[in-house]
Amino acid sequence: MSSKVYIETYGCQMNFADTEIVLGILKNNGYSVAKSLEEADVVLLNTCSIRDNAEQRIYGRLGNLKNYKNQKPDLLLGILGCMAERLRKDLIEEKKIVDLVVGPDEYRRLPEYLDIAFSGDKGIGVRLSRTETYDDIEPYREDGLSAWISVMRGCDKFCTFCVVPFTRGRERSRSLQSIVQEVENLSLRGFKEVTLLGQNVNSYRDGENDFADLLEAVAKVDRNMRIRFTTSHPQDMSDKLLFTIAENPNVCNYIHLPVQSGSNRILELMNRTYTVEHYLNLIEKARKIIPGVSFSTDIIAGFPTETWEDHLATLEVMKTVRYDGAYMFKYSPREGTKAYKMRDDVPDDIKTKRLQEIIDLQQTISYEKNQELIGKEEIVLVEGFSRKSEKFFSGRTDTNKVVVFPINDSVSVGDYVKIKINRATSATLFGDYIEQYQQKDSLVLKCL
Ligand code: 5AD
Ligand code: SF4
C-alpha cells in the first residue's frame with residue numbers, strides 16, 4: 001500500500017501553489033494524498049516566515065502535532081517552505097520535533113529525503129537554486145474553478161524588511177510555453193479562473209517575452225477564463241503591461257500594487273526604489289489606460305524610525321488612491337534582513353495604534369466605494385453557496401469583490417451572471433440576478 005501524505009499550507013498563494021507541486025511530485029513517486037490528518041503516514045507543514053506571528057502560529061501547530069506523533073510513532077513529520085529554509089537544522093537539532101526539513105527549491109528530491117526519514121535518519125534539503133522552476137511538474141489539483149500558477153520563483157528586490165529573497169532565493173522565470181500549456185489543460189478541465197503568481201511578476205522574462213507577452217498568451221487560451229496576476233512592483237510596471245490588461249477582455253481590471261508606506265524617507269529606507277510621486281503617477285496612468293481598474297495594496301505600519309508625520313503620509317496616499325482593498329501589517333523584524341540591523345524603535349503599542357488607524361481608514365474607503373456600486377450591474381463568476389446560507393450564491397466581480405445573491409434555478413456554479421447590486425457592506429455586495437452573461441463583443445465588454 002502506498003504511503004499517504006497530508007499537507008497543511010500556511011502563508012501566501014505561492015505556498016498553496018507549491019503544495020500542489022509537492023503533491024504532484026509525490027504522486028509521481030507512488031504516494032497518495034490523504035484526505036485527513038488521521039489517515040496520513042506523512043504530515044508536512046508548508047510554512048511561512050514573512051512575519052514573526054506566522055512562525056509562532058506554526059510552532060504552536062508543531063507542538064500539537066508532536067503530541068499526536070507520540071501516539072503514532074511511525075508518523076513522519078516534516079517542514080517545507082520558508083521556515084525550512086530560514087531555520088534549517090535548528091528545527092531538527094534543537095527542537096527535535098521533525099524528521100524532515102525541505103526548502104522551496106528542493107521539492108524534486110523530497111521522495112529521497114522521505115526515504116531517508118523512513119529509514120530512521122533525518123532528511124534535510126535546504127539548498128536554493130538559480131534555475132529550479134518545476135517547469136515540467138504537473139501540479140496535483142482537485143477539480144474546481146480557480147487555479148494558481150507560479151510563473152516565477154524567488155525575488156531580487158531585497159526590500160530591507162523582507163525575508164523572501166533569503167528563503168526563496170534568486171529570481172527565475174518558468175517558460176512561457178509550459179505555462180500556456182498548463183492553462184490549456186485547466187481550460188479543458190473546466191477551470192474558469194487562473195491567477196499567475198510571482199513575488200514580482202513584472203520582472204518575468206523568457207527570452208524575448210516579458211510579463212505582458214505572457215499575460216496576453218495566457219489570456220488568448222480561453223476567453224471564457226478570467227486571468228488574474230499578483231504581485232506587481234510599482235517600479236517595474238510597464239505601459240505595455242497596462243495596455244495588455246486594457247486590451248484583453250478576460251484579464252481582470254484589478255492590480256495588486258503594494259505601496260508599503262506613503263513617506264519617501266521610509267520608502268528609501270525600505271529600498272523600495274520608487275517615490276510616492278512615481279507611485280501616484282502610475283496609478284493615474286493606469287486609470288487612464290484601463291477605465292474602471294481597481295487597486296489593492298500592502299501597507300506596513302511602524303517600520304524603524306517611522307514618525308507620526310510618516311504615518312500621516314501613508315494615510316494620505318490611501319485617501320488619494322482609494323484602494324478597493326488592502327493587506328495591512330505591523331512591521332516585524334526578520335533576522336538576516338537589512339532592516340533587522342536598524343533599531344525596531346516604534347513601540348508595539350504605537351504600531352498597533354497606527355495599524356488600527358490604517359485598517360479603519362481602509363474600511364471606510366471600502367464601504368464608500370461599495371456604496372457607489374448600489375444600483376449598478378456587475379458581471380459575477382458564481383463560485384458556490386454563500387458562507388452563511390445555501391439559499392444564496394456567492395461569486396466575485398472582476399475587481400475581486402464578493403457578491404451574494406439569492407439562488408436561482410437558472411444559475412449554476414461556474415456561470416457568469418449579471419447581478420444588480422442593491423446593498424453593500426465594506427466587505428460584501430448583495431444583489432439580484434438579472435440574466436446569464438454571454439460574452440458579446442470581447443473588445444468592448446471588459447472581463448466577462
Ligand atoms: N513585517 C511586516 N510586513 C512584512 N511584509 C513583508 N515583510 C514584512 C515584515 N518584515 C509584508 C509586505 C509585503 C507583504 C507580502 O508582506 O507588505 O508586501
Ligand atoms: Fe519581499 Fe520586496 Fe521581494 Fe516583495 S518585492 S518579496 S516585499 S523583497
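Asp18, Asp105, Arg153, Arg168 and Arg172 are joined in a network of salt bridges, a salt bridge being a side-chain nitrogen of Lys or Arg within 4 Å of a carboxyl oxygen of Asp or Glu. The model is predicted, so local features need pLDDT of at least 70 and side-chain atom pairs count only at pLDDT 80 or more, whereas totals for chains, interfaces and linings use all residues. Residues are numbered from 1 along each chain as its sequence is written, chains are lettered from A and ligands numbered from 1 in the order in which they are written, and side-chain values use heavy atoms, with hydrogens and water left out.

Because Asp18 belongs to helix 1 (residues 13-28) and Arg153 to strand 8 (residues 152-153), the pair ties together parts 135 residues apart in sequence; helices (H or I, at least four residues) and strands (E, at least two) are DSSP runs, numbered from the N terminus. Asp18 is buried at 0% relative accessibility, and Arg153 is buried at 3%. Buried means under 20% relative accessible area, exposed over 50%, and partly exposed in between (1.4 Å probe, protein chains only).

A further salt bridge pairs Glu55 with Arg334, their closest N and O atoms lying 3.3 Å apart. Glu55 is in helix 2 (residues 52-71), while Arg334 is in the loop between strand 16 (325-330) and helix 13 (348-371), 279 residues apart. Both Glu55 and Arg334 are buried.

Asp348 and Lys330 also meet in a salt bridge (3.2 Å, N to O). Here, Asp348 is partly exposed at 48%, and Lys330 is partly exposed at 29%.
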